[in-house]
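The sequence and structure come first, then the points by topic.

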Amino acid sequence: SVLIAVPVLLLGMVAPYAIRLSVDSVEHAGRVAGRLYAISTVGSLVGVFAAALVLIPFAGSRRTFLVFAVALALVAVVQLRRRELLLAPAAIAALLLLPTGTLKAGGGGRVIWEKETEYQYARVLQADDGTRTLELNEGQAIHSLARPGTVLTGDYWDEFLVLPLAALQRPPRSLAILGNAAGTMAKAYGTYFPGTRIDAVEIDPELTRVGRELFGMRAPRLTTHTADARPFLRSTKQRYDAIFVDAYRQPYIPFYLSTREFFRLVHDRLNPGGVVIVNVGHPERSDRLEKVLTATMREAFGTVVRDPAETTNSMVVGSDAPVSAERLLTAASGLPDELRTIAARTASQLRPGLRGGRVYTDDVAPVEWLIDASIVKVAADGER
């Protein structure tokens with residue numbers, strides 16, 4: 001707000017000020033105003049389309065800001081007095097010399113890779129012990145994690161390895177991961193359950209590439225797909241034992257992955273008795289989004305339960321099969337010791353799904369408003 005509000009306010013003053021300077025008489029006011037606003041509209045269209053379709057995808061957002069800043073500076077140069085005009089080249093050169101890389105510090109470790117992709121800013125940090133984390137945009141959440149010598153994370157990703165057993169009573173033979181990022185879950189499944197066929201769906205191809213190069217994303221039966229989650233499900237003919245939904249642009253989940261129509265599509269892409277698991281990220285002490293997703297999932301699935309994995313993550317499980325801690329513990333008896341430990345902890349956390357949420361539809365799904373309100377409420381409660 002501080003950096004952008006002032007220049008936007010000043011730019012908003014240009015058109016009315018230009019009209020005042022251009023109008024010689026009241027009789028010509030309409031014609032002058034119409035011409036100037038027509039020019040303004042054309043400029044706005046060119047600016048929006050050039051930025052969104054050309055500059056940001058190929059040059060990045062920082063260079064795009066600099067291009068428009070230089071363009072504004074060049075326009076202003078025309079009206080400078082001679083003395084001021086001498087300073088203009090130096091000012092424009094200073095703009096062009098500004099660094100265009102990230103200005104964010106690597107508080108969680110050393111930055112070993114970063115890129116502004118078509119969809120977001122992404123970077124990989126490496127800690128002193130070799131642990132690698134993938135951060136996106138503001139860096140408020142970790143989207144993939146790799147620890148040296150193990151595929152386990154000590155975080156919510158581990159629970160995806162055992163939660164399907166609470167419904168299936170066996171590891172899934174086929175799995176779709178919607179929101180694969182750099183492949184934390186795909187890599188773990190390939191290690192522990194090499195027979196599982198995995199379709200890993202990620203909209204950003206750069207994250208898939210960095211997953212292979214820096215996170216060791218490999219599995220015997222892994223297929224990666226560069227696609228948006230819901231169009232992928234709509235177009236595929238495959239059926240799955242399990243579908244994982246972990247597609248957040250922290251802290252927001254895309255609205256079209258939170259509706260009744262979406263979960264009915266998920267239901268149609270599951271084998272009989274299959275299971276869907278949604279990672280619900282939320283502010284601490286806020287369950288409003290989880291209630292909404294639980295109510296919406298009940299429109300498509302006979303059983304919905306919850307696993308409050310972390311203070312900011314809940315796993316919501318939906319299936320037409322019974323889902324219980326007992327089924328999970330029985331099926332986990334044949335797993336390696338480390339997975340049995342995770343299964344025991346997860347089973348102890350399983351609870352019935354929350355009540356009280358509104359069912360979201362493709363027509364009405366104000367998920368951004370709900371999350372914004374939750375953040376404000378949590379912040380206000382913290383102040384008190």
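The structure holds 2 cavities of 30 Å³ or more. A cavity here is a set of points on a 1 Å grid over the protein atoms alone where a 1.4 Å probe fits but cannot get out. This is a predicted model, in which local features need pLDDT of at least 70, side-chain atom pairs count only at pLDDT 80 or more, and totals for chains, interfaces and linings use all residues. Residues are numbered from 1 along each chain as its sequence is written, and side-chain values use heavy atoms, without hydrogens and water.

**Second largest cavity**
- Its volume, the space filled by probe spheres set on the points, is about 50 Å³.
- The lining (residues with an atom within 4 Å of a point) consists of L145, A146, T150, V151, T184, K187, A188 and F215.
- Both β4 (142-146) and α8 (184-192) supply at least two lining residues each, and α8 gives the most, with 3 residues.
- By class, the lining has 5 nonpolar, 2 polar and 1 charged residues; Ala, Val, Leu, Ile, Met, Phe, Trp, Tyr, Cys and Pro count as nonpolar, Asp, Glu, Lys and Arg as charged, and the others, Gly among them, as polar.

**Helices α1 and α2**
- Helices are DSSP runs of H or I with at least four residues, and strands are runs of E with at least two, numbered from the N terminus.
- Helix α1 (residues 2-12) packs against helix α2 (residues 14-22) at about 30°, with the axes 5 Å apart; axes are lines fitted to C-alpha atoms over the stretch in contact, and angles run from 0 to 180 degrees between N-to-C directions.
- α1 is therefore roughly parallel to α2, a term for angles under 35 degrees.
- L10, L11 and G12 of α1 meet V14, A15 and P16 of α2, where contact means heavy atoms within 4.5 Å.
- This contact has 5 nonpolar, 1 polar and no charged residues.

Definitions and conventions
Parallel < 35°, antiparallel > 145°, perpendicular 65-115°, else oblique. 1 Å grid on protein atoms, 1.4 Å probe; cavity = no way out; pocket = protein on both sides within 12 Å on 5 of 7 lines; lining within 4 Å.
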